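Here is a protein model to work through by question and answer. Keep the coordinates open as you read.

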Amino acid sequence: MGITLLQQKLCHVETRRLILIMIVIAFTILMFQSRSIIYGKYRLPISPAKKASVLSGSYMVHRVDHHNTNTSDLETTNMYDYEEVNGEDAGDDLELDDVTKRNIDQSLRNELKLESIAAPKNSLGVNRTIKNYGKEVSKDSVVELDANSITPPSLVKRNKQFVETLPVNKHTDLFKNVPFPCKSNSTSIGHLTMRGRRRGRRREQEPMLVSEMNSLLLQSIASSRPMKPRWSSARDRELLSAKLQINNAPAIRSTPELYGSVFRNISIFKRSYELMESILKVYIYKEGEKPIFHQPNLRGIYASEGWFIKLMEGNKQFVVRDPRKAHLFFLPFSSQILRTILYKDSSSSWKNLEKYLKNYLDLIRGKYRFWDRTDGADHFLVGCHDWALKLTRNHMSKCIRALCNSNIAKGFKIGKDVTLPVTAIRSAENPIKDLGGNPPSKRPLLAFFAGSMHGDLRPMLLHHWENKEADMKIVGSMPRDLKGKETYRENMRSSKYCICAKGYEVHTPRVVEAIFYECVPVIISDNYVPPFFEMLNWEAFSVFVLEKDIPNLRNILLSITDEKYIEMQKRVKMVQRHFLWHKKPVKYDLFHMILHSVWYNRISQVKPR
């Protein structure tokens, strides 16, 4: 009995002790959650509820542990400029005293020039060079700071820790219902996932040089790993046989019709072109309603897509009616007409265009089995509107896309996608009207440019070179009447070099115009992949100038010797035939060159099952 009583007393003691410990733990947790962690001078809420409530603030700040690259460990807090969340007041999450707010406002007035903030490479996996207070910093991760952001540098540098500031739109639900966790190429902020390349403004980056594009092209050919088709086809075996013949093409230097100096490998091109003429069959889907489908526009700066659609649909050599006989499948829609008809001036309407294309694709997949066999790798499209690159990046990303906006920094894939030349067609009846230019001895101008002030680059060009040198005619828009247009053409015919400066996007019709008038193109457009890049040696007949080198443009051009210029101008004339439209296609013309690039890129990717 005594032992039993002793055991009961011990149990009561241990129970009370356990209850006391639990109470202490619970009290500690409650106290911990009711307070904030002090970060420098500022108080950061840490409770999960408060983390969720601050996601609609004007911008986010998160702290990164340099020794832990797990992005789920990022700590997200709202630092300033409170916004309501779903109509509920989240102001209690912000605990800044009046002195602190005055300090912030004073810092804003003094330090609003902040452009961007360097981040550790292992935290976001982005390799870039940026400008910070006018000084270049190392090639590490970068997150661009919105110009309207009010965070001064004093708030984003804290000893050895890194604080990253991301702009957030106050008036959208951008961060609502975003999945977690994120993939390796995303930026995770607590329960928030943000695609660095799909949300907000694009991070600054070093432009890719032509030599780097060359290396990337070789790598894409050598290491291409396309998805194996879900079932084999006689067409696949024909493509594999053609690929073997191309790789073993007999060596040649030039032909009466082709000039080896303007090609990367004329032997490869000639054999590939011959096999295309003898083997290639294309099926064109009949589905799709006019005018977006099957009704091309043949004039204007977006005319390339229209001319190709028209000539492809009217072709009898390559087009077949039986899709089982096709090596390639063509999606005949116009990105320009799609944009014109369906886009309305609202923040979300571009998604309606993307949805329209997805619905069309669902129709194709429901009626035919060919898309699903390769996930679209044997399908192709042409799109010359600026938005075509963006509208096709999701549901049609595995297609071979012939795009005017061939920006390698925005998703254009060298070795798979094809650059569609921008051709400003003046006459649909005679697309080669006024072809040609003066000989080198009758080109008194060193350089010529005229055009609207689209984008940021052209105003910079005029700032440095308008009315600065007698032999450099760099001007804005010229009159659009007949006399103004003729003056424009005459200036191109009379210039040694024609400046092809990008507008809002990387592409411009001046590249083809320069070739049309036998003027050496000077391409000033970072990250632009020129047409037929997989075949043509662009450095043999054109000049590439980085955008940052515009102040040195004249010296760059004068450094080219007369002998070198004459050789380049001769090669411009050699390559000219590959950039001309004809109402009835002729061998090696623009229609055949576009189709060949699609064919060649498909051949490069095909592999045995």
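The turns below cover strand pairing and salt bridges.

This is a predicted model, in which local features need pLDDT of at least 70, side-chain atom pairs count only at pLDDT 80 or more, and totals for chains, interfaces and linings use all residues. Residues are numbered from 1 along each chain as its sequence is written, and side-chain values use heavy atoms, with hydrogens and water left out.

Q: Which residue in β19 stands opposite Phe448?
A: Strands and helices here are DSSP runs, numbered from the N terminus (helices H or I, at least four residues; strands E, at least two). Strand β18 (residues 445-450) runs parallel to strand β19 (residues 472-475), joined by four bridges; pairing requires at least two DSSP bridges between two strands. Opposite Phe448 stands Lys473.

Q: What is the handedness of the β-α-β unit made by β18, helix α13 and β19?
A: Helix α13 covers residues 457-465. View the strands pointing away from you: a clockwise path from the first strand over the helix to the second is right-handed. The unit of β18, α13 and β19 is right-handed.

Q: How many salt bridges does a search of the whole structure find?
A: Side chains of opposite charge can pair when their charged atoms come close. The criterion is a side-chain nitrogen of Lys or Arg within 4 Å of a carboxyl oxygen of Asp or Glu. The search of the whole structure finds 25.

Q: What is the N to O distance between Asp362 and Lys358?
A: Both residues lie in helix α10 (residues 349-367), four residues apart, about one turn of the helix. Asp362 is partly exposed at 34% relative accessibility (buried is under 20%, exposed over 50%, partly exposed in between; 1.4 Å probe, protein chains only). Lys358 is partly exposed at 31%. Their salt bridge has an N to O distance of 3.0 Å.

Q: Is Arg554 buried or partly exposed?
A: Glu469 and Arg554 meet in a salt bridge at 4.0 Å, N to O. The pair links distant parts of the chain, 85 residues apart: Glu469 is in the loop between α13 and β19, Arg554 in helix α16 (residues 553-558). Glu469 is partly exposed at 32%. Arg554, at 17%, is buried.

Q: What is the relative accessible area of Arg489?
A: Glu486 and Arg489 form a salt bridge, with closest N and O atoms 2.9 Å apart. They sit three residues apart in helix α14 (residues 482-493), so about one helical turn separates them. Glu486 is partly exposed at 33%. Arg489 is buried, with a relative accessible area of 10%.
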